[in-house]
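Have a look at the sequence and the structure first, and then we'll go through some of the details.

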Amino acid sequence: MKSRLLLAMIGTFAVIVGAQKQEGFISLDCGLPSGESPYDDEENGLTVVSDSNFIQTGEIGKVEKDPNKITFVYGNYDGRNLEPNFDIYLGTNKWTRIDLEGLPYGTSEEIMHKVQTNSLDICLVKTGITVPLISAIELRPQRNDTYVTHSGSLRLSFREYLTNSTGDIRYPDDIHDRVWFSWFDDSYYKEITTSLSINNSDTYDIPKTVLKSAATPRNASEPLFINWTPRPSNAQVYFYLHFAEIQTLEANEMREFDIIFGENFNRSGFRPLKLALSTVYNDVPMACDSRGCILQLVRTSKSTLPPLINAIEAYTVMEFSPLETSLSDVVAIKNIKATYRLSKISWQGDPCLPQELYWENLVCTYANVSTPPRITSLNLSESGLTGSIAPVLQNLTQLQELDLSNNNLTGHVPTFLASMKSLLLINLNGNNFNGSVPQALLDRQKDGLELKLEGNPDLCKFSSCHPKEKMRFLPPVIASSASLLVIVVVMTLIFVFHKKKVPDSALHGTPSVPVADVGHTYQAEPPFLSKKFRFTYIEVQEMTKNLKGLSVKVGLESFIMVMLMVPNK
């Protein structure tokens with residue numbers, strides 16, 4: 001069974017890593033401890049950083065890495081002597097298969113790929129018993145007017161310059177950090193070189209060091225052949241041929257030849273520019289025949305010199321599907337993953353694509369090849385979830401089944417679940433919810449919603465819970481009314497008591513001396529508040545002796561204020 005092992009999340013090509021000398025370059029040393037990052041490459045001076053901030057899973061193993069930053073190097077880091085083989089996916093599409101058997105120095109893969117979004121997912125997929133690995137990832141921006149295709153991406157077949165000497169050429173000689181491998185066949189080719197400066201200022205910016213050597217056929221009257229086999233054999237190809245006349249020609253000398261590729265490409269009478277770069281390429285993809293790809297440079301009848309070539313690049317076309325899971329669903333499910341800190345190994349890359357590698361615990365719908373898939377089922381049962389039901393779940397707008405059972409979720413069942421109209425099943429069994437289920441959610445059961453709530457001892461699951469909830473508001477109302485009544489009673493008692501007990505003459509007595517009882521004689525009095533009544537503390541106690549829970553402040557000048565403490569019952 002296939003399983004995703006490692007995901008590298010890489011930002012846009014516009015990112016500048018650290019103090020990178022070349023803007024837009026991203027160089028990741030896979031497995032480098034973060035404490036040893038960054039460092040400058042001894043060969044080219046480029047800044048290299050650890051991949052620790054880009055990966056979500058994986059283990060670290062130490063190997064001796066080639067100075068040319070070969071991408072995949074096994075080096076028997078695990079002591080098992082089992083060369084890995086696995087698949088690489090670029091986004092939702094399979095890029096290639098890596099098989100390191102018989103490759104002690106590893107291998108590399110390169111592709112010219114136009115990124116459609118602000119991130120790029122590179123996924124290693126385990127397909128057998130061996131464990132995928134990766135040593136380095138390097139991303140380099142290219143000009144938009146180079147390596148243009150009608151459709152698809154360009155997988156590198158080879159990039160070589162013709163020379164007898166050995167050694168690879170890359171940055172800083174190549175400002176785009178393309179790696180040029182030396183290649184020569186002494187039995188068929190003759191090398192010519194120059195020490196003169198060459199003008200390389202065309203759109204492809206081929207390094208001057210690449211153009212300083214060239215190959216011509218040993219037999220000057222014969223064509224110069226270059227053959228290769230594409231992968232796969234029926235793939236369509238693009239080629240880029242780079243020429244510069246580096247030999248000093250006499251007045252009567254001329255170099256002219258036809259460039260022939262298959263039956264549909266023939267550039268007749270081509271003459272390389274003196275000490276200047278010219279690039280010839282096919283602007284539409286072409287297929288090779290059963291013999292493979294055969295390029296011929298054929299000397300014309302007017303030419304006095306054999307054909308020559310300085311460098312060649314060849315690519316095969318890879319048609320990648322642009323289809324991805326609905327962006328809103330991708331954002332929602334990744335937020336859910338972050339909210340609950342889920343660490344499921346398959347939850348990397350695109351949730352629904354490719355179909356054989358969709359995330360576990362999800363179900364997606366696939367309408368057709370042009371409609372983005374949607375997430376319709378999420379099963380997080382027994383996933384160790386804690387906290388409440390996150391509102392971000394409602395952003396899965398096509399969700400039909402939600403299973404959150406057998407976790408440790410707490411709090412109230414949220415009302416927003418009722419507004420998720422696509423839901424047909426909600427399983428909340430075996431949690432610790434409390435309170436009552438929203439009535440709107442209970443009503444959805446009449447429309448066919450299957451609602452599972454067992455195993456939540458503090459959760460009321462019936463409509464009858466809701467009237468009881470309203471009754472909770474009555475005691476405070478009653479208490480408030482009782483408090484107001486007590487205030488009225490106290491004020492009335494004070495008024496009545498002093499109406500009957502305090503004579504007019506007492507108003508001018510010493511406030512600290514009790515006023516004598518004058519019996520029940522009635523005298524007309526002005527309104528209560530028009531008098532300056534004064535009461536001793538003992539009198540106030542007497543007036544309020546049967547009222548509990550009162551705090552009394554005595555007014556010494558104008559009037560008294562009674563402050564009522566809120567009763568317990």
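Phe-243 and Phe-270 are both buried, where buried means under 20% relative accessible area, exposed means over 50% and partly exposed is in between, using a 1.4 Å probe and protein chains only. Before going on, note that this is a predicted model, in which local features need pLDDT of at least 70, side-chain atom pairs count only at pLDDT 80 or more, and totals for chains, interfaces and linings use all residues. Residues are numbered from 1 along each chain as its sequence is written, and side-chain values use heavy atoms, with hydrogens and water left out.

Now for the aromatic rings. Rings of Phe, Tyr and Trp (its six-membered ring) pair if their centres lie within 6.5 Å; planes under 30 degrees apart are stacked, over 60 edge-to-face, and the rest tilted. By this rule there are 18 aromatic pairs. One of them is Phe-243 with Phe-270, a tilted pair with 4.9 Å between centres and 50° between planes. Phe-243 belongs to strand 15 (residues 236-243) and Phe-270 to strand 17 (residues 265-270), so their pairing ties together parts 27 residues apart in sequence. Strands here are DSSP runs of E with at least two residues, numbered from the N terminus. There's also an aromatic cluster made of Tyr-147, Tyr-204, Tyr-240, Tyr-281 and Tyr-315.

What about the sheet? In the order 14-20-16-17, 4 strands form an open sheet with antiparallel pairing; two strands pair if DSSP finds at least two bridges between them. Strand 14 (224-228) and strand 17 are at the edges with a single partner strand each, so one side of each has no neighbour in the sheet. Strand 16 (residues 257-261) and strand 20 (residues 293-299) run antiparallel and are joined by 5 bridges. Within that pairing, Phe-257 sits opposite Arg-299 of strand 20.

Which side chain does the side chain of Arg-170 make a polar contact with? That would be Asp-177, at 2.8 Å. A polar contact is a pair of N or O atoms within 3.5 Å; within protein, one must be able to donate a hydrogen and the other to accept it, and residues adjacent in sequence count only if both atoms are side-chain atoms. As for Ser-108, its C-alpha atom is separated by 9.8 Å from that of Ile-134, 26 residues apart along the chain.
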